[in-house]
Amino acid sequence: MLEKLTGKITDALRFVAGKSTISEKNIEDAVEAIKMALLEADVNLRVVRRFVNSTIEEAKGEKVLCAVDPGQQFIKIVHDKLVSFLGEPDPANHALKLRGPDVISAILMLGLQGSGKTTSAAKLALRLKKEGRKPMLVACDLVRPAAMEQLFILGSQIGIPVHKEEGAKDSVKVYQDALAWAKKNMIDTMIIDTTGRMQIDEPMMQELSRLKNAAKPDEMLLVADSMTGQAAADIAKTFDEKIGLTGVVLSKFDSDTRGGAALSLKTVTGKALKFTGTGEKLEDFEPFHPERIAGRILGMGDVVSLVEKAQEVIDEKEALELQKKMEKENFTLDDWLNQIRALKKMGSLQKMLEMIPGMQGQINEEDIDKAELKSQEAILSSMTLKERNNHLIIGPPRRGRIARGSGTSVAEVARLIKKFEKMRGMMKKMAKGKGIPGMQMPPGMQMPGM
């Protein structure tokens with residue numbers, strides 16, 4: 001995610017980083033390099049000019065040139081500028097404005113064909129369901145073949161009702177029928193998948209306007225493909241001018257190495273980025289946080305998001321108990337198996353690594369021995385609970401049975417136990433030191449060289 005942009009900007013910051021004194025020439029060189037990085041990232045030209053001019057103006061002031069640590073002061077200015085161009089730092093500006101449970105809220109999902117609109121509608125529904133709301137999906141895309149069926153399948157996967165009418169011709173009538181059903185079934189949020197086209201045309205805008213007037217939506221969200229760069233910002237501007245938007249969802253953000261769309265949208269449209277699609281799974285849908293994304297772009301990582309992901313899959317009480325076990329060297333093979341499974345639930349290991357300061361671009365997921373990790377999980381799963389809680393009872397006969405059950409060899413089982421015994425001592429030191437409680441990486445998931 002944003003690897004190319006991060007690499008280019010961190011290279012540019014080397015002109016000033018760590019220097020006890022910097023000159024206007026240092027600043028100009030750094031800003032010029034940042035400008036080229038932004039242009040190569042397909043950021044809108046007007047946005048680049050604004051960014052460059054405001055950064056130079058502030059950086060050449062006495063605040064930086066006479067600062068105790070001018071290099072760090074300059075980097076802070078760049079960070080703050082990135083945040084302002086990505087959006088407002090206040091999370092409330094990026095949150096959905098939905099009404100209370102007594103009034104049904106409506107969200108229109110807009111976008112061109114291929115932008116990920118239907119999938120994003122389902123992802124948003126799942127997120128709202130986890131937050132305690134009772135959403136439903138409404139299939140009002142009556143143009144794209146199989147759009148209704150796709151939405152129905154996605155809704156079935158996440159246990160969310162979908163209203164669809166085969167052969168329907170009028171999206172407003174579909175919405176009205178869905179509203180009547182929603183009132184009878186205590187629904188509080190309707191997420192409406194609207195018609196899309198390969199490109200913007202007048203018939204599409206007329207239909208969307210009719211639907212907007214009927215639904216009076218709380219949110220009008222455009223789903224834009226982040227891979228299209230500044231073109232996404234131009235599409236958003238047109239939608240906003242013709243029909244009005246309240247925010248933008250950037251799909252396929254996990255595949256975006258450049259960042260042109262994210263950095264252009266807020267300035268070009270004035271609309272906040274609300275969410276990003278960060279993977280193929282329906283759970284891969286995150287609120288947009290400008291400060292966190294700015295930190296990633298500058299190679300500072302995103303520890304807050306990493307901790308939030310950990311909290312989603314690890315109970316705080318269990319994590320504290322696990323840390324106590326590590327401190328006393330009572331960490332068991334069963335704890336190890338639970339940790340592997342918890343880490344898998346957090347999603348892509350590559351994405352997790354990108355959130356660690358200084359790690360972005362330094363290591364690829366291919367560098368992690370996933371085959372070994374899979375083998376370790378198989379071995380651990382082939383043990384009985386008694387064996388996992390007391391590895392000392394695993395003698396030669398038990399090792400033979402475990403090897404057969406896991407499809408591995410006796411030597412691999414012995415190696416795993418030996419590695420585990422060595423790791424317990426290391427984990428004791430790590431638990432007493434620092435790190436996210438209960439989130440130490442198990443053997444097989446270490447970084448190269450550890």
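**Salt bridges, pair by pair**

Mentor: D193 and K117 are both buried (under 20% relative accessible area; exposed is over 50%, partly exposed in between; 1.4 Å probe, protein chains only). The model is predicted: local features need pLDDT of at least 70, side-chain atom pairs need 80 or more, and totals for chains, interfaces and linings use all residues. Numbering runs from 1 along each chain as its sequence is written, and side-chain values use heavy atoms, without hydrogens or water.

A salt bridge puts a Lys or Arg side-chain nitrogen within 4 Å of an Asp or Glu carboxyl oxygen. That rule gives 23 salt bridges. In one of them, the D193 and K117 side chains meet, N to O, at 3.0 Å. D193 sits in strand β4 (residues 189-193) and K117 in helix α6 (residues 117-130), so this pair ties together parts 76 residues apart in sequence. Helices (H or I, at least four residues) and strands (E, at least two) are DSSP runs, numbered from the N terminus.

Next, D170 bridges to R210, with the closest N and O atoms 3.2 Å apart. D170 lies in the loop between β3 (162-163) and α8 (171-184), and R210 in helix α9 (residues 202-215), so parts 40 residues apart in sequence are tied together. D170 is partly exposed at 30% relative accessible area. R210 is partly exposed too, at 41%.

Then D225 pairs with K252; their closest N and O atoms are 3.1 Å apart. D225 belongs to strand β5 (residues 219-225) and K252 to the loop between β6 (247-251) and α11 (260-269), so the pair links parts 27 residues apart in sequence. D225 is buried at 15%, whereas K252 is partly exposed at 33%.
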